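I opened my notebook to look a few things up in a new model. Here is what I went through.

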Amino acid sequence: MRITSITGAIMIIPLSPRAEGAVACNETHNPCEDLLWKGSRCRDGFCTNPFQGGCLRAILDSEEYNGKYSSDDTGTMESMKSLRRRLLSRPRVCNSEDGSDVVEQGLCVESENEYTEVRIYSQDWESSMVMAWIMQILYSELLGVPSTIESGVANKNANFYDESNRMEYGSSYDASAIENALNAKGGDCTMYKNGVDEQEYAPCAHLVMEIWFDGYDRSVESGAAEALKLVGMVAFQGWHITKFSIKRDPSLSNHFGLSGEENRRKLAETFKRPTTWRDYCTLVSTKNCSVYDGVAKRAPAEDGSEDNKYFSSGLYTGYFRVTEKNDCDANPTTCTGHVLDYPCGWTSYIKQQTWHNKIALESDGNETNGGYTYGELVDIWYAANATKSDVIGLWFSPDATFSTFARSDSALTQVLLPTTSQECLDNRVDMAKRCDPDATEIDLYGDSKGACGENHVTTRKMAVENMQSNINTHANPKSRMSPAYDVYEAFSFTSVEINDIMGDWISRGVDKYGFDLRLATCKWMTENLDHIMKSFVPPSHPRILVPSNNSALTIAAFVFSAIAILLTIGTMGGILFKHQKGSFGRATQIEFLLLLLAGLFMVSVGSLLLAIEPSTGTCVGSIWMINVGYTTQLVPTLIRVSTIIKIVKDSMKMKIVMVDKKKMFRRSIGISGLAAIYCLFWTIFDTPHSENSLEVTGDQNEFGETIVKLSHYCDSDSDVWFYASFTYQAILLLCASALAYEMRQVPNSVNDSKHLAIMIYSSFFFLALRFVMYVVSETLSDDSQLMRAPLQNARSLFCSLDTVANILIFFSRFFVKEIDTTAKKPVNRGSDFFADNIARRGGGLTTMSRSKEPSEGVNSAATFAEDEKVEEKEDFTMEDDGHMSKSTVRIRMKGRSINMPKWVVEEMVEKLVAEYGSEINTDESDD
């Protein structure tokens, strides 16, 4: 059996000639569908693989299975009928080796489940390749898991779905393939961009499905691979002899008839040396193979490609001859018969066994150790069958060559050597020294205690150490559903099953090293589909994704975000219209209203982006719109209110007020810019993106697939960004609340503290709801992830409702006239009234206004006296504690003084605010 040395060196095995496996065709002669299967086409002179789109669907669509799974067949399980309908309805899932033309031709479909591709190591013998193919079919056709085959060698292809039916032998027991899979990010072997250069080729495999010996000890000990698990197949590697040889001499079947000097001549005369085609034509044929002599029909090809062949079907039967080494007359104590030994890199103890058991046999191959390559060994066994020549040597089962002759006189029959014991196994020679040119005699022949025979072994399988963890911790929830590891764990196979496949392969004889083994493998799977689905496929698999139906909440989020956008646009249009008509005074501060509406518009757009199907673009857009929108909505309002409060306070101290509107706008835009910079860093370092949330239901579709409800939501790798955003918005609202409370002392004409406070409390309420929704979504269990999408829709809805509430609270007063039917007509105590009084008192003082109503234009003494009485009564106001306080301000002008009510001064301040805005500079003055 093939195995690397204990040091883990890579072993490359030559391929059996591929020319034997290709089915030729041309435009006039196209036997592809007749010889292979329906769907095979003639391309570039050879028949293509008819199983490119999936072998199970191709076979199940045949007449035989049309009858077996007919709809009126009550004896067939409904689940199998559903499975057949599914397989016939769609091709296999694509893998990384499929080109765009394969997809365009409808031969495969992209994996909607987004499972990570699994790569399986085929190694360099047929039973291992069959195991790898079964897993690839299981993954690609039954479970929707992309899967490829790793040959381990550049330019060697063993993909089951390969268009040209290549079945090329690569390497075996290559530990680097497992180590590369371990180091691949997320276990993704496609990251290795393998070209055709052998020096740059990096093999990568997650699974090895057939292991005979301890060639992967290093991988397990280093932590690159899991502990090996049993497959269930019993295998044997050891000495074999052709069955007809035992019939001729039964003593050859065990070491008693082989060992000792008394058997030396018998072995030398019985087991002759195999002869290559070129040597036969040069050394044996009297006519250099120019005439057919029953052995060679012709000489080997002039290009030398056939020189070293020991057998070629229909051209060279092979030939076994006596050489000097077989001549016991000339060499009575050193003559030997011939035995087949493995090449370097394979496990063989022949030298130790023959030396210490005194068996006069020797291998004469071209390998350093005298062994033969895999292809040469196969040729020699075939030559023995063709010529009925006695051959003894190492071989293994299950194997194609073993199965080929199993029912004939050329069957490879086990040779009994001394009984195996643990002591014997512990004293085996070191495989690392087997082909070492510096090996000593003890290195090659070892101790006699290790000269026993071989045991039957139970084959094992192996997975890369982090395969399961990569699936369970994958960033994509879809990929976390992959059944790849569970299938690997459940997989088992027996010797009977593999021998059935091998026997079917050998008996076909159409495209031996191409399509035939593919057909034998897939036929076995088709015949055993029920067993495969029950034994290997995990519960609730295969699965199909179906969009989750959150229609009510989604529609509500859409509708209210649209209402918020339209209401914002409409309000902005109405404000601009009234402003152009002159309906607003300067105290209305139109610029601030427009900034507030711009912020509300951005928040409503952000709510719409949260409601639509998430993508990276919508997720990024939503965080920009909401964060910058809230800043644009609140910061200018905060600056306006704080400045008004400062103006009023400074006016009470009789300070001159100066305003710079440009500076105010720069502050507002600057702070909004900081919010934009925060969003920019968020986008660059942790881009918000669309995530999937899934819920596995207990329902199945018509094809027997378990329905998985799928929804999407926006998220970033870190939650800190979202929490910082919520905190920032809360701080803005807290500042606004404090200013709204302080604004109660501001004159009524510029005092919107009541509306501002209600708006802030409303925003606080909706911010709290949005925060709760986010926290709940982050604390959901894996089984409740489907709720994340509706919770995001809820956050969108709350953003929209917040915008609508703010507009109705703050802007409705500009469009609806307030009427107070209980209030009495106030006495005119405006600044104009007091300016006229001052004029009447001082005789020469300029009034602030000269416009009077006709009824108020008579400056009679009675009227003046009455007004003075009213003034005196209003000089004092009642405080909250029940005491009277002075409510006037003394004004000195041109050497005269007069008491004026505070509210008159406030009204003059209002006019200053309306005229110059809100930025002030103050200078102390005595007047």
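Before counting anything, I noted that a residue is buried at under 20% relative accessible area, exposed at over 50%, and partly exposed in between, with a 1.4 Å probe and protein chains only. By that rule, 53% of the 927 residues of the protein count as buried.

Housekeeping next: this is a predicted model, where local features need pLDDT of at least 70, side-chain atom pairs count only at pLDDT 80 or more, and totals for chains, interfaces and linings use all residues. Residues are numbered from 1 along each chain as its sequence is written, and side-chain values use heavy atoms, with hydrogens and water left out.

**Inventory.** I found 31 helices and 24 strands in the protein. Helices (H or I, at least four residues) and strands (E, at least two) are DSSP runs, numbered from the N terminus.

**Helix H22.** I looked up residues 551-580, which make up H22, with 30 residues. From first C-alpha to last, H22 reaches 43 Å, close to the expected 44 Å; the expected span is 1.5 Å times one less than the number of residues. Which residues of H22 are buried? I listed Ala557, Ser561, Ala564, Ile565, Thr568, Thr571, Gly574 and Ile575. I reminded myself that an α-helix has 3.6 residues a turn, so residues three or four places apart point the same way. The cover over the buried residues of H22 includes helix H23 (590-611) and helix H28 (788-811). Just after H22, Gly582 takes a positive phi of about 80°.

Two strands pair if DSSP finds at least two bridges between them. I traced an open sheet of three strands in the order S18-S20-S19, with mixed pairing. Strand S18 (543-547) and strand S19 (689-700) each have a single partner strand, so they stand at the edges and one side of each lacks a neighbour in the sheet. From one strand to the next, the twist averages 35°. S18 and strand S20 (residues 706-715) run parallel, joined by five bridges; Leu545 has Val708 in S20 as its bridge partner. H28 turned up again here, lying across S19 and S20 at about 40° to S20. Such angles run from 0 to 180 degrees between N-to-C directions, with axes as lines fitted to C-alpha atoms, for helices over the stretch in contact (heavy atoms within 4.5 Å).

**Strand S17.** I then checked S17 (residues 456-463), which pairs antiparallel with strand S9 (residues 207-211) over three bridges. Ile211 has Arg460 in S17 as its bridge partner.
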